Amino acid sequence: MASYLDPLPLVICPQIQAVVSALRQGPRKSIDYRRPGRGVGTMGALDQFIELKALVLEAMEEHAAQPSGSSFPVDRLELLSPFLNVVVSSEVGGAATTAALRGVLKIIQAGALEAPTMSSQVALTEVIHAVKNCTFDSNDEVVVLSVIKVLVACAVCPSPALVSEASLRDVFETVFKTWRGFSIRSGALLRNEATNALDELL
């Protein structure tokens, strides 16, 4: 039988709660993350996370009944889309954007996108695209640090074949622009983080 000690389901719910808490402190507007060929309904961000949490809890019950080592039964893009909606939105504050980025990072670090599957490949591409187009105050170094960490996590995933050359180029260009843009006026922490990220990508 699968165990609830599997890292992915244990990571997801706290990340959902963190973003929901940040959203409740900001404007409650509808957010819709769209890419060519894939539309998403215009439900509010909070509603998206409520729906995602219900889906995850249901999947946890299903997962517990499966043989040990089986994959958590939620499509990876479906799992990440509510977080990406917040990342690209101009209607939320820095706290919600940071919480969403940290949620994406935690989910990646829990191994959600490690399997060499089409689901993981599509999700990685979407994550890179969304984070590259993250909307935030250019002076918010906390958000910038989170952007860098997520992009590097995508680029150095255990299955390199999942990340296309175009996506890798997007990651490098975004991190390089961040390093160049903040190398003079930012604090030492951000400069060092961007420099280390470039070193890891090269």
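A helix here is a DSSP run of H or I at least four residues long, with the helices numbered from the N terminus, and by that count Ser-120, to which I will return at the end, lies in helix H5, residues 118-132. Please keep in mind throughout that this is a predicted model.

Let me begin with helix H1, residues 7-24, and helix H3, residues 76-87, which pack at an angle of about 25 degrees with their axes 11 Å apart. Angles under 35 degrees count as roughly parallel, and so H1 is described as roughly parallel to H3. The crossing of these two helices, H1 and H3, is left-handed. If you look at the residues involved, H1 brings Leu-8, Ile-12, Gln-15, Ile-16, Val-19 and Leu-23, and these meet Arg-76, Leu-79, Phe-83 and Val-86 in H3. Sorted by class, the contact of H1 with H3 has eight nonpolar residues, together with one polar and one charged residue.

Now let us follow H3 to its other partner in this talk, helix H4, residues 94-109, where the packing angle is about 150 degrees and the axes lie 8 Å apart. Since an angle over 145 degrees counts as roughly antiparallel, H3 is roughly antiparallel to H4. Here too the crossing, that of H3 with H4, is left-handed. On the H3 side the contact is made by Leu-79, Leu-80, Phe-83, Leu-84, Val-86 and Val-87, while H4 contributes Ala-96, Thr-97, Ala-100, Leu-101, Gly-103, Val-104 and Ile-107. By class, this contact of H3 with H4 has 11 nonpolar and two polar residues, and no charged residues.

Next, a word on the cysteines, which I expect some of you will ask about. How many disulfides does the count come to? The count is zero, where a disulfide would be a pair of cysteine sulfur atoms within 2.5 Å.

Finally, back to Ser-120 in helix H5. Is Ser-120 buried or exposed? With a relative accessibility of 2%, Ser-120 counts as buried. If we set aside its neighbours within four places in sequence, Ser-120 is in contact with Arg-76, Ala-112, Leu-113, Glu-114, Ala-115 and Leu-162.

Conventions
Residues are numbered from 1 along each chain as its sequence is written. This is a predicted model: local features need pLDDT of at least 70, side-chain atom pairs count only at pLDDT 80 or more; totals for chains, interfaces and linings use all residues. Side-chain values use heavy atoms; hydrogens and water are left out. Axes are lines fitted to C-alpha atoms, for helices over the stretch in contact, and angles run from 0 to 180 degrees between N-to-C directions. Angles under 35 degrees count as roughly parallel, over 145 as roughly antiparallel, 65 to 115 as roughly perpendicular and the rest as oblique. A crossing is left-handed if the near helix is turned anticlockwise from the far one by less than a right angle, and right-handed if clockwise. Contact means heavy atoms within 4.5 Å. Ala, Val, Leu, Ile, Met, Phe, Trp, Tyr, Cys and Pro count as nonpolar, Asp, Glu, Lys and Arg as charged, and the others, Gly among them, as polar. Buried means under 20% relative accessible area, exposed over 50%, partly exposed in between (1.4 Å probe, protein chains only).
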